[in-house]
Amino acid sequence: MTSTQRLPASLTPLDVALAALLRGLEPVKAIALPLREALGCVTAEMPPLKAIPTHEVAAADGFALRARDLVGASSYTPLPLMKEPVWVEAGDSIPDGCDCVIDEDAVDRTGPMAQVLAEAIPGQGIRRRGGEVADTRTIICAWWPGDPRHLLRTRVVNIPGGDITAKLIARSLRAAGVDVVCVAADARDAASIAKALDASACDLLVTVGGSGVGRTDATVLALAGRGEVLTHGLALQPGRTAAVGRIGRTPIVVLPGAPDQALAVWWTLGLPAIDCLAGGQRKTAVRPLAQKIASSVGIAETVLLGEQEGAWVPLAVGDLPLTVIARAKAWLVVPGDSEGYAAGTPVNAYLLDLR
């Protein structure tokens with residue numbers, strides 16, 4: 001059950017990961033795309049999706065438990081479990097009677113009886129039933145990369161299970177005039193994924209899915225076999241299982257499969273890479289905060305913002321519900337060394353409605 005793909009003991013600060021990804025990147029020269037290649041990049045429009053998820057599912061890999069059974073658990077006072085905990089992976093249905101998912105490292109299974117080493121809150125690590133939007137077209141602008149000055153060549157590799165996220169990325173890139181080739185790995189094992197990691201004819205390679213520590217997650221292992229893993233495990237909420245690397249001189253961004261986690265990494269790593277390669281810059285706006293933003297020290301947190309009477313209104317911190325993205329006007333990241341911003345503080349945020 002234990003995955004051979006593991007997160008490091010300490011997560012990489014977001015600015016360190018970004019610097020590693022952008023190191024040595026320069027704007028690409030404009031190229032003429034042959035007609036036969038352009039035709040190969042055209043795909044049908046994605047049909048509207050039903051409300052998702054249709055039932056409560058795990059938002060991360062870990063053990064499904066009931067939060068009230070974990071009260072008082074800590075590394076100093078481990079809480080023994082009467083029965084073996086149920087392992088779930090992102091996207092799996094939550095077992096009856098469970099209301100949270102905790103990390104694998106929070107459960108000690110070395111002895112005859114499993115012991116929990118941390119408390120949890122109801123809903124932790126869970127995506128609630130019907131908590132997302134029915135029509136993903138209302139959030140497509142969230143993936144919008146801006147207006148590249150040159151025709152970039154990107155390759156989006158979908159690891160089975162990340163279909164929705166891969167389609168959203170590809171659709172937004174094409175709308176911005178970026179040349180996109182979409183491929184899917186035959187399976188979720190490292191060998192199958194490695195075959196799809198062809199960086200020979202692209203300026204940026206993006207993989208979607210398989211970045212975590214689930215039993216079938218192997219994208220980072222595949223990247224290590226084909227190129228170099230620069231960082232794996234970001235001090236970013238959401239999106240901590242993401243990775244960045246290179247195959248030759250081509251930068252690689254490894255996104256989680258879940259749309260909310262992938263979007264946070266796409267904003268903070270993927271779009272800056274596109275900006276660098278295209279020689280462009282995304283639109284921002286400075287507004288005072290109508291309310292304070294409270295953030296946890298030690299991890300960068302993504303914040304969704306609305307606008308009211310010329311001020312930014314925080315809508316969500318460290319969480320990206322698609323229903324909130326659909327009405328958000330901008331976003332920003334609170335750095336890991338900050339506790340947030342007081343009400344009235346002018347902040348520079350990236351605009352979401354760019355078209």
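Strand β13 (residues 236-237) pairs with β18 in the parallel sense, over two bridges. Two strands count as paired if DSSP finds at least two bridges between them. Helices (H or I, at least four residues) and strands (E, at least two) are DSSP runs, numbered from the N terminus. This is a predicted model: local features need pLDDT of at least 70, side-chain atom pairs count only at pLDDT 80 or more, and totals for chains, interfaces and linings use all residues. Residues are numbered from 1 along each chain as its sequence is written, and side-chain values use heavy atoms, with hydrogens and water left out.

**Strand β18.** β18 also pairs with β19 and with β20. The table lists these pairings.

| Partner of β18 | Sense | Bridges |
|---|---|---|
| β13 (residues 236-237) | parallel | two bridges |
| β19 (residues 311-317) | antiparallel | six bridges |
| β20 (residues 330-334) | antiparallel | five bridges |

Glu301 of β18 is the bridge partner of Gln237. Glu301 also stands opposite Val334 in β20. Glu307 has Trp312 of β19 as its bridge partner. The hairpin of β18 and β19 has two residues between the strands, and Glu309 there takes a positive phi near 50°. β18 is mostly covered, with seven of its nine residues buried. Buried means under 20% relative accessible area, exposed over 50%, and partly exposed in between (1.4 Å probe, protein chains only).

**The cores.** A nonpolar core is a set of buried Ala, Val, Leu, Ile, Met, Phe, Trp, Tyr and Cys residues joined through side-chain atoms within 4.5 Å. The largest one has 49 residues. Ile169, Leu255, Trp266, Trp267 and Leu304 have the most contacts inside it. The elements giving two or more residues to this core include α1 (14-22), α3 (163-175), β15 (250-255) and β18 (300-308). α6 gives the most, with twelve residues. Another core, of 18 residues, lies apart from it; among its members are Leu205 and Ala218.

Leu255 is in contact (heavy atoms within 4.5 Å) with residues including Ile169, Val206, Ala262 and Trp266, leaving aside neighbours within four places in sequence.

**The six-stranded sheet.** Leu255 of β15 stands opposite Val208. β11 and β15 run parallel and are joined by four bridges. They belong to an open sheet of six strands with mixed pairing, in the order β10-β9-β11-β15-β14-β12. β10 (179-184) and β12 (228-232) are at the edges, each with a single partner strand, so one side of each has no neighbour in the sheet. Neighbouring strands are turned by 20° against each other on average, direction ignored. Axes are lines fitted to C-alpha atoms, for helices over the stretch in contact; angles run from 0 to 180 degrees between N-to-C directions.

**Helix α1.** α1 lies across β12, β14 (243-247) and β15, running at about 15° to β14. Leu14, Ala17, Ala20 and Leu21 of α1 are buried. These buried residues fall within an arc of 130° seen down the axis, so they line one face of the helix. The arc is that of the directions from the helix axis to the C-beta atoms. α1 and α6 pack at an angle of about 35°, with their axes 10 Å apart. Their contact involves residues including Leu18 and Leu22 of α1, and Leu269 and Pro272 of α6. Gly24, which follows α1, has a positive phi near 85°.
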